[in-house]
Amino acid sequence: TFHIGSKCCVPVLLWSLAAWVLLLHAYTSLLRVPSQLPEPQSQWQMTSPFMEVEKVRNWNKLEENVDLEETFGAAALAKPMTTAKAPEESKEALARRKLALLFPDKSSAIDPSKVNGSEYGYFYPGQEWLDSAGRPIQAHGGGVMYVAETRTYYWYGENKDGATKYSPKQGTARVDVLGISCYSSKDLWTWHYLGLALKAERRDKSSDLYFTNVVERPKVIYNDRTKQYIMWMHIDNANYSKAAVGVAVSPNPEGPFEYVGSKRPHGCDSRDMTIFQDDDGEAYLIYSSLGNSELHIGPLTEDYMDVVERGSQKVLVKERREAPAVFKHHGMYYMVTSGCTGWAPNGALVHAAESMLGPWVTLGDPCVGGEEEFRSFTFFSQGTFVLPLPGLENTFIFMADRWRPADLRDSRYVWLPLTMDGPADEPSDDEFEFPLWLRVSIHWYEKWKLPEGWDNQHRELSSL
């Protein structure tokens with residue numbers, strides 16, 4: 001070994017450096033072979049409850065960093081495909097190669113209407129997902145509600161089946177409002193389109209639902225007191241300056257929902273938002289505010305139609321987090337958030353609290369598996385909802401969108417297992433004792449399937 005300050009002649013030093021360069025070149029050359037070295041299996045993966053899971057194998061980290069805006073922006077995607085010239089690959093070709101991995105060809109779409117028995121029930125995150133009629137599911141930024149009486153799941157989300165309008169100067173992309181889609185399912189895999197639970201307005205320009213406005217991130221909960229289904233959503237105008245929440249109501253889960261109106265909750269701007277219904281019947285609105293610099297959490301009124309004006313709390317102040325997705329486990333509250341980078345993906349964080357109103361502590365990045373670049377951008381997606389699974393006490397489904405701002409209708413769904421699998425690392429906030437929390441892990445799988453009996457009804461998935 002060479003130590004600074006040791007006696008060494010110049011020729012010996014030069015030959016030593018040359019030898020190290022040759023060794024480094026040989027080492028990196030060996031790592032460039034097409035097959036990737038297998039990643040060590042974690043304890044969770046060896047005891048996974050999921051059937052025939054497979055780790056991702058087709059994500060190759062590119063040697064040259066590709067700008068996210070160029071990868072996902074309209075300018076890069078609107079150009080015709082080009083063939084890379086060997087041996088060098090243009091930046092545009094690199095971006096398109098990455099795009100092909102993130103948005104697989106439609107020929108690989110998940111189609112429950114045509115699938116055979118051996119492929120039944122498999123989730124392929126990022127591949128196009130079709131409904132029971134063979135049409136692409138349009139339920140972006142949404143959430144799922146379970147009706148126990150009928151053992152039916154309802155998925156609500158933004159219908160973006162229209163032309164994308166992209167503003168490169170503002171960095172914004174939007175589709176004219178069509179409405180909020182509603183799908184139903186017994187198995188969380190085969191989804192039946194029930195129509196628009198809430199339709200856009202085409203005539204009344206003063207309506208929040210007028211097609212040139214913005215309606216995003218719908219969530220629905222049921223009020224057992226009033227026997228009504230309540231939908232909350234982000235309401236905005238085309239330049240995102242209204243920053244409000246809207247409410248709609250229906251006696252039926254599939255709608256149609258009657259729009260009630262919008263407001264700025266607690267007098268504050270509201271952007272990415274969600275609602276959470278606790279097991280004691282209390283419900284809460286969680287929204288990003290003050291220019292996305294902090295989150296606000298406030299209780300809803302007993303009918304879930306409004307916010308309680310007093311009693312809201314500011315959390316994650318100056319942390320710039322959005323896209324909150326809240327869930328509860330063993331009496332503790334957890335929330336997954338994303339950073340604020342527009343349509344471009346970023347790293348997720350998970351937070352925990354003993355009360356919905358906080359204080360909240362940040363636990364860290366929950367993403368596990370895949371290449372570092374892939375994992376550090378939340379698998380190139382943004383969370384929207386965390387869905388509990390009956391029969392699997394420590395397991396949830398993390399629902400996320402892989403946005404494609406150049407063509408929002410082709411944005412994909414990334415559904416992955418979220419597990420509570422052991423003590424968490426020490427929280428970053430020193431005000432809390434340790435340990436209080438469980439580790440929240442969102443595991444990447446290229447292909448995965450729920451196990452038999454996941455719904456606590458001990459039925460074969462293939463019989464649903």
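Colleague: Which residues touch the most other members of the largest nonpolar core?
Modeller: Trp129, Trp155, Trp191, Trp415 and Leu418, in a core of 56 residues. A nonpolar core here is a set of buried Ala, Val, Leu, Ile, Met, Phe, Trp, Tyr and Cys residues joined through side-chain atoms within 4.5 Å; buried means under 20% relative accessible area, with a 1.4 Å probe and protein chains only. This is a predicted model, where local features need pLDDT of at least 70, side-chain atom pairs count only at pLDDT 80 or more, and totals for chains, interfaces and linings use all residues. Residues are numbered from 1 along each chain as its sequence is written, and side-chain values use heavy atoms, leaving out hydrogens and water.

Colleague: Changing topic, how many aromatic pairs are there?
Modeller: The whole structure has 27. Rings of Phe, Tyr and Trp (its six-membered ring) pair if their centres lie within 6.5 Å; planes under 30 degrees apart count as stacked, over 60 as edge-to-face and the rest as tilted.

Colleague: Why is the pair of Phe327 and Tyr334 stacked?
Modeller: Because the planes are at 20°, with the ring centres 5.5 Å apart. Phe327 is buried at 1% relative accessible area, and Tyr334 is buried at 1% too.

Colleague: And Phe379 with Trp444, what are the distance and angle?
Modeller: 5.3 Å centre to centre and 35° between the planes, a tilted pair. Phe379 and Trp444 are 65 residues apart. Phe379 has a relative accessible area of 0%, and Trp444 has 4%.

Colleague: Which residues form the aromatic cluster?
Modeller: Phe123, Trp129, Trp155, Tyr183, Trp191, Tyr193, Tyr413, Trp415 and Trp448.

Conventions: Buried means under 20% relative accessible area, exposed over 50%, partly exposed in between (1.4 Å probe, protein chains only). Helices (H or I, at least four residues) and strands (E, at least two) are DSSP runs, numbered from the N terminus.
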